[in-house]
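Please prepare a briefing on the packing, the surface and the charged pairs of the structure shown below, with the cut-offs behind each term.

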Amino acid sequence: MKNFSAPVFRWTEGRKRIPILLKGCLLVLIFSWLFYDSPYAAVFLSPFLWFWIRECMIAERQKEEENFQKMFKEWILLLSSSLSAGYSVENAMSQSYRELQMMFPKGGIMVDELREMLAKAENNERPEALLEDLARRHPSEEVVSFVEVFCTARASGGSLNAVIQSTAVQMAEIMDTRREIATLLASKVYEQKIMTVMPAAVLLYVRLGSGEFLEGLYHNPAGIFVATICLAIYFAAYLLGKRMVRFEI
């Protein structure tokens, strides 16, 4: 059995980090003003900027992974259809690529991967090697399982069409289960986001409407200590709430 434990997604991280970084800087400045009434507190809060970027990148990566899984499932169905029509594996991959482009005109990771795979196939690289490279770049359970079964079926002379159909059905069931759970948790996720914003929103409302109530919180050791403890509790509550609505299959 081959080892598919390599890098996951290739994407333009630098370009995506710029707006995330700007939003994070703005958020740090807002919290510095709300909790400490001082721009110098942004230096103390700068580690939160790293956490913000990390969380945003993870969320973006999860979104890309979901899109990739969706496109991968559609691709193996198209591949199966082409094989059933009598195409060879190489021609079936080319035909499924064109059909996938029509299904997703805006493109995507799987479309880009297939384009590269077909370019390598023109240099007489075997389909098994191309799929193994795909599994190394995207080592999700579904992709790895499909590639392993595909390579085994090719080596043993088994029915590729039956293998691909079976894999597509299994992936569809997993994705449907994930979608159902996500639907059930959607309201809880929305509530968690609201509860994350509410403490800062209430503090902002008091600061703008009745700022004198917070004068004792700023520019003195006791107030700074209380503000720091409140901010730590706020951060811990955010982590706990996010963990409670997280699920994996």
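Val163 counts as buried because its relative accessibility is 17%, where buried means under 20% relative accessible area, exposed over 50% and partly exposed in between (1.4 Å probe, protein chains only). The residue has its place in helix 8, helices being DSSP runs of H or I with at least four residues, numbered from the N terminus. Leaving aside neighbours within four places in sequence, Val163 is in contact with Val149, Phe150 and Ala153, contact meaning heavy atoms within 4.5 Å. This is a predicted model, in which local features need pLDDT of at least 70 and side-chain atom pairs count only at pLDDT 80 or more, while totals for chains, interfaces and linings use all residues. Residues are numbered from 1 along each chain as its sequence is written, and side-chain values use heavy atoms, with hydrogens and water left out.

- Not counting residues up to four places away in sequence, Trp75 touches Met93, Ser96, Leu100, Met110, Leu114, Leu131 and Phe146.

- Helix 5 has 13 residues and reaches 18 Å from its first C-alpha to its last, close to the 18 Å expected at 1.5 Å a residue, the expected span being 1.5 Å times one less than the number of residues.
- The buried residues of helix 5 are Ile109, Met110, Val111, Glu113, Leu114, Met117 and Leu118, and what covers them includes helix 3, helix 4 and helix 6.
- Helix 6 is largely enclosed by the rest of the structure, because eight of its eleven residues are buried; what covers these buried residues includes helix 3, helix 4, helix 5 and helix 7.
- Ser140, in the loop between helix 6 and helix 7, is buried with a relative accessible area of 12% and touches Glu65 and Gln69, not counting residues up to four places away in sequence.

**Salt bridges**

- The count comes to eight salt bridges, each defined as a side-chain nitrogen of Lys or Arg within 4 Å of a carboxyl oxygen of Asp or Glu.
- Arg54 forms a salt bridge with Glu55, the closest N and O atoms being 3.2 Å apart; Arg54 is partly exposed, with a relative accessible area of 39%, whereas Glu55 counts as buried at 12% relative accessibility.
- Glu128, which is buried at 10% relative accessibility, forms a salt bridge with Arg126, with 3.7 Å between the closest N and O atoms.
- In the salt bridge between Glu191 and Lys188 the closest N and O atoms are 4.0 Å apart, and both residues lie in helix 8, three residues apart, about one turn of the helix.
- Salt bridges that share partners join Arg54, Glu55 and Lys242 into one network.

Technical notes
Helices (H or I, at least four residues) and strands (E, at least two) are DSSP runs, numbered from the N terminus.
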